[in-house]
Amino acid sequence: MKTKLLRAFLIITMLAIGVVPAVSAGEGGPIVPLEGIPSAETGVITDETPHQWFVEMSGAPVADGNNQLSVKSEQQKFRNDAKKEKIEYQEHYSYDSLWNGFSVSVTTSELGKLSRIPGVKAIYPVMVVSVPQTAPSAVDPELYTALAMTGADVAQSELGYTGTGIKVAVMDTGIDYNHPDLGGCFGAGCRVAKGWDFVGDAYNADDTSPSYNPVPTPDPDPDDCGGHGTHVAGIIGANGAVKGVAPEVTFGAYRVFGCAGSTTDDIMLAAMERAYKDKMQVLNMSIGSPYEWPQSPTAVASSRLVKKGVVVVASIGNNGTNGLYAAGAPGLGDQVIGVASFDNTNVFLPYFEVNGAKIGYVTMTFSPAPPTSGTGEIVDVGLACSPLAVDLTGKVALAARGTCSFALKATNAIAAGADAVLVSNNAPGVFNGTLGAPLANPKPVVGISLADGNFIRAQTAPIMMTWTDQMFSAPSPTGGLISSFSSYGLSPDLALKPDIGAPGGNIYSTYPLELGGYATLSGTSMSSPHVAGAAALLLQALNQPSQHWFRHVDADEVRDVLQNNADPAMWWGAPSLGYLDNVHRQGAGMLRIDKAILATTRVQPGKLSLGDSMKGPITRELEIENSGEADVTYDLSFENALSTGGVITPDFWDSDAVVTFDVPSITVPRHGEKEIEVTITPPTYPVKGQYGGYIILTPRDGSPASRVPFAGFVGDYQSIEVLANPYGLPWLVDFNWNDPVAPFTLVDALNMPYVVVHLDHQSRIFKLEAFNAVTGKSVGKILQLDYMIRNSTSSGVFEFAWDGTTTIKKNKVYTVPNGQYYIKLSVLKALGNSKNPADWETWTSPVFDIARP
């Protein structure tokens with residue numbers, strides 16, 4: 001008998017004895033980051049099956065030209081048909097403006113029945129969306145350094161733009177409108193002028209939480225008791241002790257979280273429809289669901305909002321440890337600006353003093369807290385990877401990073417009598433280290449920068465240090481680099497995502513007054529509002545009659561302008577090597593709103609999604625618009641970024657992609673346009689990898705260059721296995737995930753067959769079909785899902801139950817008789833051709849018995 005525990009133990013054992021392949025740096029081989037690649041892998045089987053589902057109807061929503069009466073009529077027919085078929089489900093929301101359909105709770109055994117109702121176009125999972133963990137901080141405001149990274153400080157102080165007259169919607173945990181930096185009131189005439197609470201304080205969609213409460217209790221007061229939304233709003237437009245990107249915007253607050261826990265993206269979709277009706281001009285969503293498609297309901301609705309004139313900005317997600325193709329919806333939407341996160345240039349650190357110099361440090365995980373006063377002598381102990389002969393009693397050891405673990409260095413130093421241990425980095429900047437577990441003889445262990453370690457070693461002995469209870473602003477070792485948590489693209493349909501990046505790591509902003517008033521938080525949640533605020537500044541600039549601008553900039557063209565003027569960043573893994581970070585991690589690069597406002601060049605499209613490389617070189621046209629008062633000659637060039645191999649776990653490669661142009665340079669007349677042809681020859685490696693780079697247009701008049709990011713897939717995209725799994729999945733099991741030993745009676749969910757499957761990659765179609773084991777003939781389709789998500793880790797799974805009914809012919813429901821059957825699982829790969837057998841993967845279950853009493 002195989003149980004869940006046995007299967008999990010098997011997986012953990014396999015991971016423990018697995019051999020890690022060696023890698024080598026250099027052209028044509030993977031490039032190794034100085035630090036390990038962050039990973040969320042645990043090896044423990046995790047059921048990730050959604051509990052709620054979107055049901056999309058065939059008719060168009062009102063935003064696409066349908067009338068509300070027609071939409072309502074189609075939806076009522078669905079309800080009537082479901083009742084007639086005795087389908088057990090619970091309706092949560094119905095939608096008509098931006099999307100036509102419902103969100104429902106239903107078991108997977110009933111899901112197939114819902115899909116068979118006439119008029120149902122598709123079914124999609126409703127994802128549970130967690131609000132990022134937050135923690136207040138007592139440090140002084142430091143949002144200004146983040147504003148300087150994007151040029152928002154210049155846009156405000158030198159160009160005079162503050163976002164006045166622009167309405168920005170914040171879909172989040174609400175806004176503490178009583179905060180003086182956010183206006184101090186709610187309603188007409190206040191800075192937080194509109195809003196709605198969709199859920200109530202007690203709501204929490206996380207069914208693993210002790211405070212699980214999935215029942216929303218809406219009300220008209222969007223006050224914030226969680227903190228996240230107030231922080232986001234402050235980044236967009238605080239105006240007080242903290243000043244945001246656009247300090248004079250007007251807010252709409254759309255609360256979709258309770259005081260703690262999670263929400264679901266069906267509630268997000270409801271909030272979008274209200275923001276649309278409230279005539280918001282910019283919508284910021286610092287939330288999202290990973291592993292989805294641009295065709296997911298929240299992404300589609302967001303793109304419809306853009307077509308209706310609303311600039312939609314969304315975080316791309318905090319799933320950087322979950323590997324590639326992990327970007328989230330709605331940030332994946334075709335017309336949405338999906339935002340990555342860069343770390344702030346400055347961080348606040350505690351410090352000790354050596355000869356008057358402040359030495360910032362980070363306390364290692366599992367270390368006790370360092371003292372806040374007292375002095376000691378520092379003794380250099382080298383690597384400290386073996387027992388130390390020196391007597392360190394009452395002294396502080398200074399060890400160098402490298403060769404052995406931090407725990408071993410600390411253990412050796414403490415065994416020699418050290419009261420504390422300093423570990424200096426072997427690369428620029430301070431670092432977050434871990435001891436792995438509490439030490440047997442715990443003493444404070446902290447990490448310091450390479451420069452500070454060298455400074456200390458250069459002092460004349462005895463080298464004395466003084467602990468303090470103070471903190472100071474210090475350059476971040478990862479400042480300006482992609483944040484470790486920021487999600488990777490591309491989109492499952494190989495669209496280039498994310499679109500752009502902004503500061504999101506270590507951002508100081510407003511917080512609810514009852515929770516301290518201000519806090520430092522990190523996440524793509526913090527980067528998205530930088531872009532939303534920048535969009536407000538850009539819209540204000542476009543409204544200025546004195547501002548000479550391009551002929552016209554619609555909401556869907558704001559992204560192009562921002563991308564053209566962004567600055568790509570170096571690779572996080574080893575900035576000194578000179579490689580640009582992955583385009584599918586940073587998009588166009590760091591937002592520069594000052595350059596975007598001043599730019600007289602616009603290049604469209606603002607990004608190039610190239611698909612896979614099977615057709616060879618790809619030629620695209622770019623339109624260059626010069627809105628300046630003089631002719632401009634542009635020199636054309638390109639620069640490759642790093643590529644990645646893998647699907648869930650990435651490795652990193654250089655690139656031999658080549659971009660050629662039909663002309664080496666081009667002159668565009670004042671107030672004129674011209675087109676160029678660019679041809680991208682994809683790289684030859686890594687196979688099944690993602691690549692990218694930047695097309696660069698450099699004006700000869702000395703003004704800033706414009707860039708267009710490009711990205712694609714190396715090789716045949718259909719070669720990625722979806723059902724690949726080393727643990728024996730898929731399984732045909734009973735309710736307890738045991739191999740079936742008795743016939744299934746189908747009397748309830750405890751007595752049905754279950755298919756448990758791991759999906760290593762997103763799939764265009766996920767289909768279950770039943771077959772008579774005696775005749776080998778199909779007895780109908782059990783379930784079909786379009787645009788299926790992938791699992792979050794290599795040990796995540798989905799499970800689907802079968803109740804003995806199928807669909808035959810034109811959605812006719814068929815109840816199979818007792819007998820022997822097997823189930824065939826078929827997945828059509830992400831961009832596969834349904835008529836090409838090579839683009840499908842299949843699995844056939846063992847034969848099992850159905851014997852109803």
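User: Hi! Which residues does arginine 304 touch, not counting residues up to four places away in sequence?
Analyst: Hello! This is a predicted model, and in it arginine 304 touches Pro61, Ala63, Asp64, Leu98 and Trp99, leaving aside residues up to four places away in sequence.

User: Nice. Where is the place of arginine 304?
Analyst: You can find arginine 304 in helix H8, which covers residues 297–307.

User: And is arginine 304 buried or exposed?
Analyst: Arginine 304 is buried, because its relative accessible area is 14% and buried means under 20%.

User: Okay, new topic: salt bridges. How many salt bridges does the structure hold?
Analyst: There are 23 salt bridges in the structure. As background, side chains of opposite charge can pair when their charged atoms come close.

User: Can you show me one? What does aspartate 81 form a salt bridge with?
Analyst: Its partner is lysine 77, and the closest N and O atoms of the two are 2.9 Å apart.

User: Where do aspartate 81 and lysine 77 lie?
Analyst: Both sit in helix H2, residues 68–84. They are 4 residues apart, which is about one turn of the helix.

User: Which of those are buried, and which are partly exposed?
Analyst: Aspartate 81 is buried, with a relative accessible area of 18%. Lysine 77 is partly exposed, at 45%.

User: What about glutamate 91, what does it form a salt bridge with?
Analyst: Glutamate 91 pairs with arginine 79, and their closest N and O atoms are 2.9 Å apart. This pair links distant parts of the chain: glutamate 91 is in strand E4 (residues 90–95), while arginine 79 is in helix H2, 12 residues apart.

User: Let's jump along the chain. What do the side chains of arginine 592 and aspartate 594 meet in?
Analyst: They meet in a salt bridge, at 2.8 Å from N to O.

User: Are arginine 592 and aspartate 594 buried or exposed?
Analyst: Arginine 592 is buried, with a relative accessible area of 18%. Aspartate 594 is buried too, with a relative accessible area of 7%.

User: Last one! Which residues are linked in a network of salt bridges?
Analyst: Look for Lys497, Asp499, Arg559 and Lys607, which salt bridges link into a network.

Notes. Residues are numbered from 1 along each chain as its sequence is written. This is a predicted model: local features need pLDDT of at least 70, side-chain atom pairs count only at pLDDT 80 or more; totals for chains, interfaces and linings use all residues. Side-chain values use heavy atoms; hydrogens and water are left out. A salt bridge is a side-chain nitrogen of Lys or Arg within 4 Å of a carboxyl oxygen of Asp or Glu. Helices (H or I, at least four residues) and strands (E, at least two) are DSSP runs, numbered from the N terminus. Buried means under 20% relative accessible area, exposed over 50%, partly exposed in between (1.4 Å probe, protein chains only). Contact means heavy atoms within 4.5 Å.
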